[in-house]
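The sequence and structure come first, and the description follows.

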Amino acid sequence: MTATRFEVKADPAMWAGLDMDVARFDKARQMLAEAYSTMYLAQSGRPEKMAYFDNMISGIFESRIREMLEVKKAGKPVVGTFCVYIPEEIVVAAGGVCVGLCGGSPGSIPDAEKILPRNICPMVKSAYGFKAGRICPYFQAVDFVYGETTCDAKKKTWEILDRLVPTYVMEIPQMKRERDRTLWLNEVHDFKAQVEEVSGRAIAAEDLAAAIRVINDKRRALQRLSRLRAADPAPISGKDALLIEQIAFYDEPVRFAAKVNELCDELEQRVRAKTGVAAQGAPRVMVAGTPMALPNWKVHNLLEAAGAVVVNEESCIGSRYFKDLIDENRAGLERQLEALTDRYMQIDCSCFTPNDERIDQVLQEYRDSGAQGILHYSLQFCHTYNIEEIRIREACEKEGIPYLSIETDYSPEDVGQLQTRIEAFLEQVSD
Ligand code: BJ8
């Protein structure tokens, strides 16, 4: 199947107004369009409702940025984050936009390596490089960014990033005792105060209640999509599902949830008609581990090019983002913030110790998704995921689950080697 011509739209005047390196960024825009055409539009049997998400990518540097700038002009906060621990409900309660700034592209890494050490996580380097090189309109548009203390690479990079953009840091506890919950609740209060300062008004309980419903609805729509992927044949490719999970960090949440639900309506019909993107019985793989930020499609692309279908992402750009909801029935700001804290304390990131919940969660998602094997994905130099991988592997061995662990970065250099390992793994899955 040949790739369809696809355009990622440009707005050089708007980018110049954001003090971007326009010439360089324009090349990146064209490269994204090319990659999207070959990896996405060349897939066969895609659901029709993916058209919205294709359009979203087409306007990702243009119409969505314009929408964000409108919000900013109205005096509402536009906040950049790097972790699902930062409670976006609070930004939405202030009428603002919360946008994920994790970097998933190798293009910005040389900018970062001019100052940061080379041997740190590519996600951190890519994100920092986007700001240092002035090649990300989202980074240029935010009022401030809110980092966190999940891992050493992030924690120490915020000190350097603060020279380029106002950077605040939320302390994330590393354990889940009562005193850790109290610490985090206090951090949530600080975050709220920072958001209120930019918007110039206090967040009321009704605002927060409405925002909790909005983000819960977004997470519910993603849960629904995730459940539908359990069908065999799978009604949607893993690549498309991953794309939607990535767009969840950029799009306006009410519209996004509506579009995911429309897609799910179509997927329900496909499941009934047994229409799949791959033949029934194609090897089904679940991916677990570190997040894959836009446009990191490397491993999904390799898996699906080799004939597998990816049916689940146990990741922050995946189930860790949407599996838990906030209790909508608490009255009063303080009790709502406590409900929010309770939900966020369930996130099972490997920066926590102990983190037994994640081992159970991986096995649960394996069963729920109808997967036949698990690929554990660690970004290079992510110590917590790389070490926690030992326990995931042991649990898979115990359960007799076909398993492959890979550690990689964003460069194409190891693609050949990964392809060989993935093909061998898929033979094991199909046995
Ligand atoms: S809650 S996974 S989004 S920290 S992969 S930058 S941990 S060295 S991304 Fe993450 Fe929050 Fe955890 Fe999720 Fe560091 Fe590891 Fe890189 Fe990571």
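Gly-80 stands opposite Val-99 in E2, in a model that is predicted. Another facing pair brings Thr-81 opposite Gly-100 in E2, and overall strand E1 (residues 78–81) and E2 pair in the parallel sense over 4 bridges. Both strands belong to an open sheet of 4 strands with parallel pairing, in which the order is E2-E1-E3-E4. The edges of this sheet are formed by E2 and strand E4 (167–170), each of which pairs on one side only, while neighbouring strands are turned by 30° against each other on average, direction ignored.

In a regular strand, side chains alternate between the two faces of the sheet. Strand E2 (residues 97–100) has Val-97 and Val-99 pointing one way and Cys-98 and Gly-100 the other way, and all of these residues are buried. Together with helix H5 (residues 88–93), E1 and E2 make a right-handed β-α-β unit. Elsewhere on the sheet, helix H9 (residues 152–161) lies across strand E3 (144–148) and E4, and H9 runs at about 155° to E3.

## The sheet that contains E5 to E8

A further open sheet of 4 strands, with parallel pairing, has the order E6-E5-E7-E8. Strand E6 (309–314) and strand E8 (403–408) stand at its edges with a single partner strand each, so one side of each is left without a neighbour in the sheet. Neighbouring strands here are turned by 25° against each other on average, direction ignored.

Strand E5 (residues 284–289) pairs with E6 in the parallel sense over 5 bridges, and within this pairing Val-285 stands opposite Val-310 in E6. Helix H17 (residues 356–369) packs on the sheet, where it touches E5, E6 and strand E7 (373–379), and the direction of H17 makes about 160° with that of E5. On the other pairing described here, E7 and E8 are joined in the parallel sense over 6 bridges, with Ile-374 opposite Tyr-403 in E8. From E7 the chain crosses through helix H18 (residues 383–399) to E8, and this β-α-β crossover is right-handed.

## Aromatic pairs

The model holds 20 aromatic pairs.

Phe-249 is in the loop between helix H12 (238–247) and helix H13 (253–273), and Tyr-321 is in helix H15 (residues 319–322), so that the pair links distant parts of the chain, 72 residues apart. Phe-249 has a relative accessibility of 16% and therefore counts as buried, the cut-off being under 20%. Tyr-321 is buried too, with a relative accessible area of 3%. Ring pairs also link Phe-6, Tyr-36, Tyr-40 and Trp-297 into a cluster.

Lys-239 lies over the face of Tyr-40, at 6.0 Å from the ring centre, and Tyr-40 is itself a member of the ring cluster. The charged end of Lys-176 likewise sits over a ring, that of Phe-352, at 4.5 Å from its centre.

Helix H12 is mostly covered, with 10 of its 10 residues buried.

## Ser-126 in helix H7

Ser-126 is found in helix H7 (residues 122–132), and at 0% relative accessibility this residue counts as buried. Leaving aside neighbours within four places in sequence, Ser-126 is in contact with Gly-103, Gly-104, Ser-105, Ser-108, Ile-109 and Tyr-410.

Conventions:
Residues numbered from 1 in each chain as written. Predicted model: local features only at pLDDT ≥ 70, side-chain atom pairs only at ≥ 80, totals over all residues. Heavy atoms only, no water. Phe/Tyr/Trp six-rings, centres within 6.5 Å; stacked < 30°, edge-to-face > 60°. Helix = DSSP H or I, 4+ residues; strand = E, 2+ residues; numbered from the N terminus. Buried < 20%, exposed > 50% of the residue type's maximum accessible area, 1.4 Å probe, protein only. Lys NZ or Arg CZ within 6 Å of the ring centre and 35° of its normal. Pairing = 2+ DSSP bridges. Axes fitted to C-alpha atoms, helices over the stretch in contact; angles between N-to-C directions. Contact = heavy atoms within 4.5 Å. Right-handed = clockwise from strand over helix to strand, strands pointing away.
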